[in-house]
Amino acid sequence: MGSFFIVVIYSIVLYLGFSAIIFTLNRLFSINIEGKIYYYMSLFVFVVFMPSMFLAKIPYNNCDFSKTEYPKALKILLLYIIIPLVTIYTAILYAYFIKILVTRNWPEGLVSHLVLWYSTIAVGIIFFIYPLVNKNKLAKIFTFWFPKIIIPLMIMMFISIGIRIREYGITENRYFVFVLGLWVLGIMIYFSTAKKLKNIIIPISLSIIALNSVFGPLSSFSISKYSQNKRFEKILIRNNMLIDEKIVRSKTKISEKNRTETSMILSYFKDKHSLNDVKYLPENFKIDDMEKIFGFSYTHAIYGKREYFHFTTNGSKKPIEINGYDYLINMNSLTNDTVKFGDSKEISYDMDGKLLKICDSGSIIYEKNIEEYAEAVFNKYKNSSDSSEINIENMTFEDENEKVKIKFCLLYTSDAADEAR
């Protein structure tokens, strides 16, 4: 058990360390590393590294365990720190559950994550304290009651993720949330009903689930592609756009919801897999061909009354022309701060108000709300299929007055101009 605990700690530290390095490189040097690298890295650490390291620590057949004692530090940590915290968290979730039932306002994306990670940690706690069940009253009470108490919360989680799957289909993220939730629920039911418990069922079942999720016809990749293809097919049939297994332009106007869903499905395959995996698309199809094939252009997703987007530049790959200017200042160093330059000048940027200000000897000589530049980029590229990355020339703006001349080179802008750099 001590070896397993060490392996888990090592794996978590390794993953968080690599994630921090990649995140820092991405933000400081604008390398534009794709987000899916975190997913592949987690697969390597938790599917390859962690099981290999754990198996390497399995003792030989003739090892003597008669003098092995449960680590005191681990016992104190689990019984007198973690279990009370989990108990408090459980009470909070039940209070939140009651609020949902009273208000009938179901927060679709929040509940599943609130319950899932907490319940997964709870399984780990049960695994580690199980050897103490016959020796410690608190461990016995927790192991007996907690699996029964958490089941209603698990049902609430499945309702929440079910709403998302019904509306948007299965993706890799939803697949793992759902499958991990099923595993946790199965473990809790097992500990609630079995008369003779075997703690080894936890790591064995988790290993089977992990392997099945990555390889084979029931893997996250296979199920996600199948689900999104079925969703795509339903949209085509609903709008009479599928004849003899070929896409035809609709004779009627397609609703904005269907245009957006079609665009998001194609964007999902383009980013996560390949457009060749989409059924019914013509050979060598590109998203720029949507107008010709579907009769409408790429449409960005709209949530509520907000349109969400993310534009970034490939400026990190090209030199930026600064001829005719005296200073080059990175706005990341200006966030809610002031930077002095020259003999008496200083520049500041209020991130909340999107206001850039330059002063000379305490007097304002230039002031600009740069949100209008972000809005200009959005208005120009909001219907472009490849809007996620555009040339730096199209994200560059110039402005001047009688005292200063400025060139703005936006590296990225997102969320309806809520954020610009």
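1. Contact here means heavy atoms within 4.5 Å. By that criterion, and leaving aside residues up to four places away in sequence, Met154 touches Val115, Ser119, Gly181, Val184 and Leu185. The model is a predicted one.

2. Met154 also belongs to the largest nonpolar core, which has 38 residues. Together with Ile129, Phe142, Phe146 and Met188, Met154 is among the residues that touch the most other members of this core. Two or more core residues come from each of α3 (72–103), α4 (108–129), α5 (137–168) and α6 (172–193). In soluble globular proteins, nonpolar side chains tend to be buried together.

3. Which residues of α7 are buried? They are Ile202, Pro203, Ser205, Ser213 and Val214. These residues lie on the same side of α7, because the arc they cover around the axis is only 165°. After α7 comes Gly216, which has a positive phi, near 95°.

4. For the protein as a whole, the model contains 11 helices and 14 strands. Of its 421 residues, 37% count as buried. The accessible surface is about 25100 Å², and carbon and sulfur atoms account for 59% of that area.

5. Among contacts with a separation of 6 or more, 63% are between residues 24 or more positions apart.

Conventions: Residues numbered from 1 in each chain as written. Predicted model: local features only at pLDDT ≥ 70, side-chain atom pairs only at ≥ 80, totals over all residues. Heavy atoms only, no water. Core = buried A, V, L, I, M, F, W, Y, C linked by side-chain atoms within 4.5 Å. Buried < 20%, exposed > 50% of the residue type's maximum accessible area, 1.4 Å probe, protein only. Helix = DSSP H or I, 4+ residues; strand = E, 2+ residues; numbered from the N terminus. Arc of directions from axis to C-beta. Areas by Shrake-Rupley, 256 points an atom, 1.4 Å probe, with all protein chains shown as cover.
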